[in-house]
Amino acid sequence: MDVLWMAPPLLLLFPLLMWTSSTFVYYFKKCFYVAWMMVLALLAIPLCILKSGGRDVENMRVIRSLVRHVKYFLGLRFDVSGWEHLQTEGPYVIISNHQSSLDVLGLMEILPDRCTMIAKKELIYAGTVGLICWLGGIVFINRKKTSDAKSVMIDAAKTMLDDQIRLWVFPEGTRNQKGDLLPFKKGAFHLAVQAQVPIIPVVFSSYSSFYLRKQKQFNSGTIRLRILPKIETKGLTCDDIPSLSDKSFNLMRSSFLSISNSVPQSNGPCKH
Ligand SMILES: CCCCCCCCCCCCCCCC(=O)SCCNC(=O)CCNC(=O)[C@H](O)C(C)(C)COP(=O)(O)OP(=O)(O)OC[C@H]1O[C@@H](n2cnc3c(N)ncnc32)[C@H](O)[C@@H]1OP(=O)(O)O
Ligand SMILES: CCCCCCCC/C=C\CCCCCCCC(=O)OC[C@@H](O)COP(=O)(O)O
């Protein structure tokens, strides 16, 4: 059969075609990301146990150093500004917008020492990643039961001061890639006011220039990370929570829009 000669070049061409197909790249990068994080977590588990003997915020150093290189595999870069705002002594609450599990890469890029996160309790069941989150001292909350979540966060405010720990909270409370920030939940602000510690807002630029879930695109890209000046909470009380939350939201939203070069999708110009 004289068409048989075409088989080897076609066989060679097939992976090439697949590789250039953006949908293939999208799924490949996503699967690689999850699988590689699972492997890294598997490596980190014994290292953390050897280092600290169990659950300890100091394990975040191990996790941070193991995760730092992952961005290169995914073609991502971070352009960070405002490092000086993290040069704050003692405990504080970091708040940031939350677009995707890829946020973990930016988080690890700037994570200060003795800083861990607040996360939904379901994350603990994510295999080796769940176990490493537990070993890293992540505080798990049940978002479906406000009273439970509140009492866990009230305990966390005390632990922050007793153990000199910093906490990273995603005040939107869920992942969001709508091109604007979701209204903030109140937990992070109660936490900061209860512990009387500053809030440091951190803004990730929109991922929509390189990562589009609906269109199945995952290209290379640069993420701008802005660390904003701290917001003091000394002397504030429960009554100040709404204004504290609004102030943080407005600062973060304008920074998000300016570094993302994006037009908010929900607030278009008024029609008369
Ligand atoms: C080598 C290794 C590789 C692997 C490497 C892995 C690396 C490891 C990276 C992990 C990375 C994690 C990434 C996770 C990312 C998420 O899991 S995001 C989802 C979880 N996080 C959050 O939800 C935090 C934000 N949510 C909140 O703060 C919410 O306020 C709460 C606490 C959940 C409550 O939720 P809610 O009831 O829906 O919301 P909200 O309206 O705010 O509160 C209701 C009322 O309670 C009051 N309230 C809220 N909180 C409090 C409080 N603490 N005290 C008193 N009153 C309160 C409010 O003021 C409000 O009162 P009213 O105004 O109605 O009078
Ligand atoms: C045996 C179970 C296997 C589960 C596999 C999932 C494991 C994920 C593995 C690697 C990714 C590493 C980064 C982990 C941190 C992800 C944090 C995250 O993004 O959680 C989602 C949460 O913020 C909001 O959730 P919703 O948008 O409200 O839903």
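## Basis of the model

The model is predicted, and local features need pLDDT of at least 70, side-chain atom pairs count only at pLDDT 80 or more, and totals for chains, interfaces and linings use all residues. Residues are numbered from 1 along each chain as its sequence is written, chains are lettered from A and ligands numbered from 1 in the order in which they are written, and side-chain values use heavy atoms, with hydrogens and water left out.

The shell of ligand 1 holds 29 residues, of which Lys-120, Thr-146, Lys-185, Lys-186 and His-190 come nearest. A residue is counted as near a molecule if one of its heavy atoms lies within 4 Å of it. Polar atoms of the protein approach the ligand at several points, and a polar contact is a pair of N or O atoms within 3.5 Å; within protein, one must be able to donate a hydrogen and the other to accept it, and residues adjacent in sequence count only if both atoms are side-chain atoms. A side-chain N or O atom of His-190 is 2.7 Å from an oxygen atom of ligand 1, while Gly-187 places a backbone N or O atom 3.0 Å from an oxygen atom of this ligand. Gln-194 has a polar side-chain atom 3.3 Å from a nitrogen atom of ligand 1.

Taken alone, ligand 1 exposes 1,300 Å², and the protein buries 80% of that; these areas come from the Shrake-Rupley method with a 1.4 Å probe, and for residues only the protein chains shown count as cover. The elements that give two or more residues to its shell are helix 2, helix 3 (59-67), helix 5 (103-110), strand 3 (115-120), helix 6 (127-135), helix 7 (146-163) and helix 8 (187-195). Helices (H or I, at least four residues) and strands (E, at least two) are DSSP runs, numbered from the N terminus.

The side chain of His-98 has an N or O atom 2.5 Å from an oxygen atom of ligand 2. For Arg-175, a side-chain N or O atom lies 2.7 Å from an oxygen atom of the ligand, and for Lys-120 a polar side-chain atom lies 3.0 Å from an oxygen atom of ligand 2.

Ligand 2 exposes 760 Å² when taken alone, and 69% of that is buried by the protein.

## Aromatic pairs

The whole structure contains 11 aromatic pairs. Rings of Phe, Tyr and Trp (its six-membered ring) pair if their centres lie within 6.5 Å; planes under 30 degrees apart count as stacked, over 60 as edge-to-face and the rest as tilted. Tyr-26 and Tyr-211 form a stacked pair, because their ring centres are 6.1 Å apart and their planes stand at 20°. Tyr-26 belongs to helix 2 (residues 22-52) and Tyr-211 to strand 7 (residues 211-212), so this pair ties together parts that are 185 residues apart in sequence. Tyr-26 is buried at 3% relative accessibility, and Tyr-211 is buried with a relative accessible area of 3%. Buried means under 20% relative accessible area, exposed over 50%, and partly exposed in between (1.4 Å probe, protein chains only).

The rings of Phe-184 and Phe-189 are also stacked, with centres 6.1 Å apart and planes at 20°. Phe-184 is buried at 9% relative accessibility, and Phe-189 is buried at 0%.

Helix 5 is mostly covered, with seven of its eight residues buried. The buried residues include Asp-103, Leu-105 and Glu-109.

Asp-180 is located in the loop between strand 5 (166-169) and helix 8. Asp-180 is buried at 8% relative accessibility, and its side chain makes a polar contact of 2.9 Å with the side chain of Arg-253. Lys-121, in the loop between strand 3 and helix 6, is partly exposed at 32% relative accessibility. The C-alpha atoms of Lys-121 and Ile-141 are separated by 5.2 Å, although these residues are 20 residues apart along the chain.
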